[in-house]
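Reader: I would like to go through this model with you, one question at a time, before I plan around it.

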Amino acid sequence: MAKKGNAGSSKAASVHAVEERAAKVADALSLELVEVVLQKESRGKCLCIFIDKEGGLSLDDCERYHKQLQPLIEDVDYDFLEVSSPGLDRPVKTLRDFEKNRDALVEVKLFAPQMGSKLHQGLLKMMDDDTVTIEADGESLTFERKAVAIIKPVILLDDEDFAEDAALDDSTFTDVEFE
């Protein structure tokens, strides 16, 4: 949603100030604040807020959160506010992310090749401020965090994940005509 006014405001709250307010709203709604990012896009400055909750997030959760947060951040210089789930494939960045993904299958992408490759896949076993350890083919592989470009969960889908959609055919959709 686009923000109104404040274009000439000389005072703008920091991302840290937004995080504090966003966390309070999340707590009040029994949600988890995952991340606050202010990024420049072609359409303007986008304030992106990622929230989550146990069992998954609904569109209603995002809308309720958005409506409660927006009046609290009127002093922030942004053009658009987006509230969404971080998604299943959110990169593992923090120790909290690690706890959610412990023993899950992940891809570790490195800045430079190690052990013959820049990409390693395995079960996420350990992570601290300095290292990340995965188990691949029964072997522990430890990488320096500064050598890691990104750690992402691997999402595996099988035919059963698509079984409900398998019943769809062309008759399910109506024809749309354009002039």
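Reader: In which loop is Phe-162 found?

Author: This is a predicted model, in which local features need pLDDT of at least 70, side-chain atom pairs count only at pLDDT 80 or more, and totals for chains, interfaces and linings use all residues. Residues are numbered from 1 along each chain as its sequence is written, and side-chain values use heavy atoms, with hydrogens and water left out. Helices (H or I, at least four residues) and strands (E, at least two) are DSSP runs numbered from the N terminus, and Phe-162 lies in the loop between strand E8 (148-153) and helix H4 (163-166).

Reader: Is Phe-162 buried or exposed, or partly exposed?

Author: Buried means under 20% relative accessible area, exposed over 50%, and partly exposed in between, with a 1.4 Å probe and protein chains only. Because its relative accessibility is 43%, Phe-162 counts as partly exposed.

Reader: How many disulfides are there?

Author: A disulfide is a pair of cysteine sulfur atoms within 2.5 Å. The sulfur nearest to that of Cys-46 belongs to Cys-48 and is 3.2 Å away, and Cys-46 is in no disulfide. By this rule the count is 0 disulfides.

Reader: Which residues of H1 are buried?

Author: Helix H1 covers residues 15-28. What covers its buried residues, by contact (heavy atoms within 4.5 Å), includes strand E1 (32-41), strand E2 (44-52) and helix H2 (59-69). The buried residues of H1 are Ala-17, Val-18, Ala-22, Val-25 and Ala-26.

Technical notes
The expected span of a helix is 1.5 Å times one less than its number of residues.
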